[in-house]
Amino acid sequence: APWPGIDAMPLTLQRSDLQRSSHYIGGRWCEAVGGARHDVEDPATARAFASVPDADARDANAALEAAHAAFPAWRAVPARDRSRIVARWNALVLQHKEDLARLISREQGKPLAEAIGEIAYAASYIEWFAGEAARITGDVIAAPVAGRQMLAVKEPVGVIAAISPWNFPAAMIARKIAPALAAGCTVVAKPAEDTPLTALALVALAEEAGVPAGVLNLVTASRANAPAVVDVWLQDARVRKLTFTGSTPVGRHLARASADTFKKLSLELGGNAPFIVFDDADLDAAVDGLMAAKFRNAGQTCVSPNRVYVHDAVHDAFVGKLAARVAALKVAPATDPQAQIGPLINAKAVEKVDRHVQDALSKGATLATGGKRLPELGTNFYQPTVLTGVGNDMEFACEETFGPMVPVFRFDDEAAVVAEANGTPYGLASYFYTRDVRRIARLSAALESGLVGINEGAVASEAAPFGGIKASGYGREGSRHGLDEYMHFKYLCQGGLG
Ligand code: SIN
C-alpha cells in the first residue's frame with residue numbers, strides 16, 4: 001500500500017452492530033428494492049472500506065409511506081413522552097460517543113478527538129430538543145369582541161424530509177431529526193453519500209431509545225441516485241417540510257422544486273464569512289478566534305472565515321503570529337493521535353483549494369505559509385495555508401474555499417471594510433475583533449449575516465438560532481426557534497360564549 005498504516009485504521013467498534021450496512025424503513029433494516037449498493041470511501045486513501053444500499057425512487061417512496069402512516073400515532077404521543085424518548089436517544093449517543101466518533105473519522109476524515117467533539121455537539125442538540133419538546137406552548141389571545149375565545153396552538157407540520165451534508169455527519173442530521181421528533185413530526189432522511197455510516201448508527205440508537213417504527217426512516221444513496229430519491233419527496237405533497245444543509249445551487253433547486261407543494265423550508269447554504277481585525281483588537285485573542293473558526297474540520301465548515309481583513313497598523317504583527325500557528329498545525333490521518341487537520345473529503349475538494357491558492361498566487365498574492373498538496377500523507381491532504389496581498393479579483397473572493405486556506409486583506413477604513421464584508425451574495429457568518437464598544441454596536445447592526453462573532457471565533461451552540469440570510473438561505477436550527485421550524489400555528493376561534 002502506498003500509505004502503510006492508514007488502511008489499518010481499525011474500525012473495531014465496541015459495539016460492532018453500530019456499523020450498519022442496510023437502510024431503515026418502517027422499523028426494518030433492509031436492502032434497496034433494486035438490490036444496488038454503493039461504496040463508502042476513506043478520504044485519507046480514497047479506498048472503499050464499506051458499502052451501503054443505493055436507494056432509488058422505490059425506496060424513497062417506501063420511506064415516505066412509512067413516515068406518513070406513522071404520523072397520526074406519533075403526533076398523539078404526549079409531548080412529555082416524546083421528550084423522554086429523545087432524551088434516551090441523547091443518553092445512548094453520549095454512551096457510544098467513541099464508536100460514533102470512529103465512524104466519523106473513518107468516513108469523513110476528521111481527527112478522532114475532533115470527531116468526539118462533534119458527537120458532543122450533536123448530542124447537545126438532541127438534549128436541547130428533548131427539553132424543548134416538553135415546553136411547547138401556544139397563545140391565549142385577548143379577544144377583541146365579547147363572547148369569543150381565541151387560541152393559537154402549535155401543531156407538528158407532518159412528514160419532514162431531512163437532507164444532511166458530509167462535513168458534520170452526526171451534528172447536522174441530529175439537529176434536524178431531534179427537533180422533528182420533539183415536535184411530533186415523522187421523518188424521511190438521506191445523509192450525504194460520502195458519510196452514511198454515522199447517520200445509520202445514530203438511527204440504530206434512536207431505534208434503541210424507543211422511537212417507534214415508521215417515525216424515523218433513513219435511506220442511503222449514491223451521488224448518481226440521490227436526485228431520484230429527493231425528487232420523490234419534493235413532488236409528494238405529503239412531505240410538508242424540507243430541511244437541507246448544503247450548497248446554494250442545490251438549495252435554490254430545492255426551493256424551486258418545493259414551490260408546487262408549498263413545503264415549509266429550512267435551507268442552510270453556503271457562506272463567504274468575513275473576519276475583521278481592527279487595530280485596537282487583542283491580537284492574540286483574534287489569532288485564537290481565527291484558528292478556531294477557520295481550522296475546525298480543516299476549514300470544511302459553512303461558517304469558516306473565507307476572507308480575513310486586518311487593519312494596516314496591525315497587519316504584519318497579526319500575520320506573523322497567524323502564520324506561526326498555522327505552520328505548526330499537525331496534518332495527519334485520523335489514525336494519528338496528534339492529528340489536528342485530516343484529509344479533505346475528496347479529490348474535488350483538494351483541487352478547489354489548490355485552484356484558489358494557485359489563482360491567488362498568479363494574481364500577485366504572497367504565500368506566508370503552506371500552499372502545497374501533501375501526497376506523502378495520503379490522497380486528500382493539503383497544507384494549511386496563509387496568503388497575503390490578496391484582492392477581490394481572486395477566485396476565493398466570490399467562491400467559498402471550504403478548505404484550510406486563509407487569505408488576508410489589508411484595510412484602513414471601517415466603513416470601507418464593512419462594505420467589503422457585505423459585498424457578497426452570501427450572509428451566513430461574520431466575525432470581528434475590536435475593543436471599541438461603539439464600533440461593536442455599529443458593526444453588529446451593519447453586518448449582513450445570520451450569525452456574528454464579536455471577539456469570538458467559536459459561535460456555534462445548540463442554544464442559539466443558527467442560520468443565514470441572503471444566498472445563505474433561511475430557517476434556523478437550534479434554540480427554541482429551531483423547534484418552530486417543524487410546527488405551524490393553528491388559530492382556534494370559538495364563538496357564542498357570551
Ligand atoms: C455547517 O458547516 O454547516 C455548520 C457548522 C456549525 O454548526 O457550526
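The lining of the second largest pocket divides into four nonpolar, two polar and seven charged residues. This is a predicted model. The second largest pocket holds about 200 Å³ of space. Its lining has 13 residues, and those closest to the centre are E41, D194, R223, I345 and N346. Strand 3 (residues 37-42) gives the most to this lining, with four residues.

**The largest pocket**

The largest pocket contains about 1,200 Å³ of space. It is lined by 38 residues. Nearest the centre lie W166, R223, G246, S247 and V250. By class, the lining of the largest pocket has 17 nonpolar, 10 polar and 11 charged residues. R223 is among the residues nearest the centre of the largest pocket, and R223 is also among those closest to the centre of the second largest pocket.

**Enclosed space**

A search of the whole structure finds five cavities of 30 Å³ or more. The largest cavity has a volume of about 80 Å³. Of its 13 lining residues, F168, M172, R175, T301 and F466 are closest to the centre. The lining of the largest cavity splits into seven nonpolar, three polar and three charged residues.

The second largest cavity holds about 60 Å³ of space. It is lined by 14 residues, with P274, T424, Y426, A429 and E448 closest to its centre. At least two lining residues each come from strand 12 (273-277), helix 12 (414-422), strand 17 (426-427) and strand 18 (429-433). Six residues of this lining are nonpolar, six are polar and two are charged.

The volumes and linings of these spaces are set out here.

| Space | Volume | Lining residues |
|---|---|---|
| Largest pocket | about 1,200 Å³ | 38 residues |
| Second largest pocket | about 200 Å³ | 13 residues |
| Largest cavity | about 80 Å³ | 13 residues |
| Second largest cavity | about 60 Å³ | 14 residues |

**The ligand**

Where does the ligand sit? It sits in the largest cavity. Around the ligand are 13 residues, and the closest are Y121, R175, E268, R296 and C302. The shell around the ligand divides into seven nonpolar, three polar and three charged residues. R175 is one of the residues closest to the ligand, and R175 is also among those closest to the centre of the largest cavity.

Which parts of the protein come close to oxygen atoms of the ligand? In N167, an N or O atom of the side chain is 3.1 Å from an oxygen atom of the ligand. In R175, a polar side-chain atom lies 2.9 Å from an oxygen atom of the ligand. C302 uses its backbone: an N or O atom there lies 2.8 Å from an oxygen atom of the ligand. Taken alone, the ligand exposes 260 Å², and the protein buries 100% of that.

Definitions and conventions. Residues are numbered from 1 along each chain as its sequence is written. This is a predicted model: local features need pLDDT of at least 70, side-chain atom pairs count only at pLDDT 80 or more; totals for chains, interfaces and linings use all residues. Side-chain values use heavy atoms; hydrogens and water are left out. On a 1 Å grid over the protein atoms alone, a cavity is a set of points where a 1.4 Å probe fits but cannot get out, and a pocket is an open set with protein on both sides within 12 Å along at least five of seven lines; lining residues have an atom within 4 Å of a point. Grid points are joined across faces, edges and corners, and a volume is the space filled by probe spheres set on the points. Ala, Val, Leu, Ile, Met, Phe, Trp, Tyr, Cys and Pro count as nonpolar, Asp, Glu, Lys and Arg as charged, and the others, Gly among them, as polar. A residue is near a molecule or strand if one of its heavy atoms lies within 4 Å of it. A polar contact is a pair of N or O atoms within 3.5 Å; within protein, one must be able to donate a hydrogen and the other to accept it, and residues adjacent in sequence count only if both atoms are side-chain atoms. Accessible areas come from the Shrake-Rupley method with a 1.4 Å probe; for residues, only the protein chains shown count as cover. A molecule sits in a cavity or pocket if more than half of its atoms lie within 2 Å of its grid points.
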